[in-house]
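Hi everyone, thanks for coming. Let's walk through one structure together, and please stop me whenever you like.

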Amino acid sequence: MFNADENGGRNALRILGMIFCGFGIIMLLGAITGFLSVHMAEGGGPLNLAGYAILAALISVTLVLAFAIWRLFRQMKRSDQKVPQREKVYNRFLIGSFLFGGVTGLVLALTGSFDETEAGLISNDAMSPMLAIIMSVAIGVFMPAVTFYWHKNLVDEQEEAAYRFGALIAMYAFWFIAPVWWFLWRGGMLPEIDGIALYFITIFVALIVWFWKKYR
Amino acid sequence: MKNQLKVLRAMRNWSQADLGEHLDVSRQAVNAIETGKYDPSLPLAFKISRLFDLPIEQIFDDEFEGGDNV
């Protein structure tokens, strides 16, 4: 029993693997949707051999990634002889959030919520007012409530410290990257500062540091 | 900070998950404390002290060797 979970540190790599596979699946589903959209725009009809080959390859890689996630998840479950109750709820909450986000994104993409000129949610292109309101309510109302519950009930002090350190490093990243970008833009070497790009860089830095501090 | 947590846990044949359950923290937190990567807060240190029925200074070692009270 004492050594039952001494190899638990490998779970960090498993979680990282699942996240990368998840992103891969989202990108591949986008590629499949885009491929079929282009085909339909060009008149539709049956695909030629090359088209089938491309589609089969995209679907195969998607399935391989889905299988990889399932295997990593199974390995993680096996390594967990027993999980503290707080962690169980935490894991369920995390998986639920990922599923909710993934399914919502998939539904938005597959129901044609973006017009053909849009690159998706992560772009500066125009979007429908309805989608803009949905996203604003989700991020401005739903997410803060979920985040409050998350920090109040599920996160322990070690993870809270990881969040704090991640936030500190992300703040410094913002402080240094924003002016460097601004100066290089003024020097004609970079495009104009993109606030949303800076936002994602900041979030990414915070997440990387949080992950390192929590699971290292 | 060095500590005796792993030894005390072994004496009770507890897994990190078992200790995490007693302390209401995750296994990552237990692992981080055991390996000295994270120093617990004072409330958590007292909780650990009560759980093992030992004074805090017998569980945690700040490696202070000086004679002054500082």
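**A helix and its surface patch**

Let's start with one residue: A:Phe174 sits in helix α5 of chain A. Before we go on, please keep in mind that this is a predicted model.

Is A:Phe174 buried, exposed or partly exposed? It counts as partly exposed, because its relative accessibility is 38%, and the partly exposed class lies between under 20% for buried and over 50% for exposed.

Together with A:Phe165, A:Leu168, A:Met171, A:Tyr172, A:Trp175, A:Phe176 and A:Trp212, it forms a nonpolar patch on the surface. The accessible area of these residues together is about 790 Å². Which element gives the most to this patch? That is helix α5 of chain A, residues 157-186, with 7 residues.

Now let's step back to the whole chain. Chain A has 6 helices and 0 strands, so if you read the elements from the N terminus on, you get α-α-α-α-α-α. Of its 216 residues, 24% are buried. The chain exposes about 14300 Å², and carbon and sulfur atoms supply 73% of that area. Looking at contacts with a separation of 6 or more, 66% are between residues 24 or more positions apart.

Finally, how confident is the predictor? The average pLDDT of chain A is 83, and 85% of the residues score at least 70. Among the elements, α5(A) has the highest mean pLDDT, 97, while helix α3, residues 85-110, has the lowest, 75.

Key: Residues numbered from 1 in each chain as written. Chains lettered and ligands numbered in written order. Predicted model: local features only at pLDDT ≥ 70, side-chain atom pairs only at ≥ 80, totals over all residues. Heavy atoms only, no water. Patch = residues over 30% accessible without salt bridge, like charges linked within 9 Å, V, L, I, M, F, W, Y side chains within 5 Å. Areas by Shrake-Rupley, 256 points an atom, 1.4 Å probe, with all protein chains shown as cover. Salt bridge = Lys/Arg side-chain N within 4 Å of Asp/Glu carboxyl O. Helix = DSSP H or I, 4+ residues; strand = E, 2+ residues; numbered from the N terminus. Buried < 20%, exposed > 50% of the residue type's maximum accessible area, 1.4 Å probe, protein only. Contact = heavy atoms within 4.5 Å. pLDDT = per-residue confidence, 0-100.
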